[in-house]
Amino acid sequence: MSSTGDNRANAVVDMTTTGEWGDLMAQFERVRGRHLRQLFADQPDRGSTMVASAGDLVLDYSKHRVDSGALAALFDVARKAGVAERRDAMFAGERINTTEDRSVLHVALRMPRTAHLEVDGRDVVADVHAVLDAMGSVAERIRSGAWTGQTGRRIRAVVNIGIGGSDLGPAMAHEALRDYADPGIECRFVSNVDPVDLYAKTHDLDPAETLFVVCSKTFTTLETLTNARAARAWLLEGLGSGDEAVAKHFVSVSTNRDGVVDFGIDPANMFGFWDWVGGRYSYDSAIGFSLMVAIGPAAFADMLDGFHTVDRHFVETPFESNLPVIQGMLGVWYSNLFGAETHAVLPYSQRMARFPAYLQQLTMESNGKSVRRDGSPVEGSTGEIFWGEPGTNGQHAFYQLIHQGTRLIPADFIGFATSTHEDGDRQDLLMANCFAQTKALAFGRTAEEVAADGTPAAVVPHKVMPGNHPTSTILAPELTPSVLGQLVALYEHTVFVEGAVWGIDSFDQWGVELGKVMAGQLGPVLSSVEAPDLTGQDSSTAGLVRAYRSMRGRPE
């Protein structure tokens, strides 16, 4: 296994100086003024030729402002940037996270038991399945009622305590797969250190029937440990018990055995993971324990199989039919050439309500970088700004701006042929809206078409829809555990492709770390009983500290 040496996978290419980028710019100048109406007129079969599939996913990318020449240039840029070499290095366990000198192996979390991958002398696949087996054993005890709390009653509520990737992933997936969850077990997720969050998630629960899952790799994360201690106090007060009750009402996902034991958790109920798993890539690891309890080990395994299906597609499929490569290079196309600043994700499924928020961390924490892997400044934009809301709710909110505003906002529409709650023709109506929106965004309505409806001349300009707004449509048969895994893997690898082209390290997050350090420094300043020494603070921060302490009745 390679480390951080000068190899092809970690080499940084300034793409803007290459002939491939020059060719791409030429294609952009040729295509940029062409409307999607014209692109479809020139290539009427786009709807069948610009379609690719992976597993259960079908991607229609025909409504993008590209043609065969532009796509070929985009794939040439991907090749020149070393996307394939960097991808293969990731799957081989090489240390492509150069700033932290780590492998990037979330893909190992869903490799089948029969696979083998050695990293630093260990078979990581065997390690992964050992943890999955331990998780499954405990999850089944909870689901069957064999696990009982301090008073001998079975567990009926599981509260996950984490933040960032230790919360967004499992919370998103639990909501997405709620129809597969055991209705006898309530799962809730606490992340915000705001006291209201823990209160809202626990005030109506019975401590005797509640289990907490504390997710912190280091078992030192400030927000998570603060909430965990508050949860322990709530539990012990509610039970009227001593610290011995903690072991029956807490499990942990961590690598810090000493910290877990000091907290009172039985280390037999500690599930580990590895430094080659980034938080935002971790919900298919032990971080997903709460999800496993909810949907069961078998459904969790189906989800992992879905991840692996797209992993193999990413590795084995030529760029021209490779969903992550297509989506990633279209992201580069709009971000770096058209100057688009945001990217909307619009799932036509209420169960996917948390998916855009999950993607915000996945994409923006990964690719929100301004220097390349070699420390040199990037050229142009990196990091798409992801946002979104389920359809049809979004149609009555922000779609107006996408249709008639002045900003270019590429959008992904995600839909399913079958609802998990079929009821008459409402799924057909939902998907009719999905397809209609992508059609309207692409083709719009001309002034002549509006006037032909008898619209008064003064109103015609207000009802014109310019169209030419690019969209992808991703369809799947149904939102199942496997399909959710496929969708998440698709976006994970899309982020990878973009980061490889931009030459950045998509797997560190130093900006997050700085905020944590500063918060740790300011905490004692806010809570001290004596007036704090604010020497060295900037005038804004000092003023805010004084105002806050005054509101809390503390000396300034």
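Mentor: The account below begins with confidence, turns to the strands, and ends with a cavity and a helix residue.

The model is predicted, and its chain averages a pLDDT of 95, with 99% of the residues scoring at least 70. Residues 1-6 have a pLDDT below 50, although this stretch has 17 contacts in the model beyond near neighbours in sequence.

Consider the open sheet. Five strands make it up, in the order S6-S5-S7-S8-S9, and their pairing is parallel. The edges are held by strand S6 (186-190) and strand S9 (270-271); each has a single partner strand, so one side of each is left without a neighbour in the sheet. Within this sheet, strand S5 (residues 157-161) is joined to strand S7 (residues 210-215) by five bridges in the parallel sense. As a general point, strands of a sheet pair through backbone hydrogen bonds, either parallel or antiparallel.

Strand S13 (residues 471-478) provides an example of both senses of pairing. Strand S2 (residues 57-60) runs antiparallel to S13, and three bridges join the two. Here Asp-60 is found opposite Thr-473 of S13. With strand S12 (residues 411-418), by contrast, S13 pairs in the parallel sense, over seven bridges. In that pairing, Thr-418 has Glu-478 of S13 as its bridge partner.

The model has five cavities of 30 Å³ or more, and the largest cavity holds about 110 Å³ of space. Its lining brings together residues from separate parts of the sequence, including Val-13, Asp-14, Trp-21, Asn-336, Arg-372, Glu-379 and Trp-502.

Finally, a single residue in a helix may be considered. His-129 belongs to helix H6, which covers residues 124-144. Is His-129 buried or exposed? His-129 is buried because its relative accessibility is 11%, and the cut-off for that class is under 20%. Leaving aside residues up to four places away in sequence, His-129 touches Met-111, Pro-112 and Arg-113.

Terms used: Residues numbered from 1 in each chain as written. Predicted model: local features only at pLDDT ≥ 70, side-chain atom pairs only at ≥ 80, totals over all residues. Heavy atoms only, no water. pLDDT = per-residue confidence, 0-100. Contact = heavy atoms within 4.5 Å. Helix = DSSP H or I, 4+ residues; strand = E, 2+ residues; numbered from the N terminus. Buried < 20%, exposed > 50% of the residue type's maximum accessible area, 1.4 Å probe, protein only. Pairing = 2+ DSSP bridges. 1 Å grid on protein atoms, 1.4 Å probe; cavity = no way out; pocket = protein on both sides within 12 Å on 5 of 7 lines; lining within 4 Å. Points joined across faces, edges and corners; volume = space filled by probe spheres on them.
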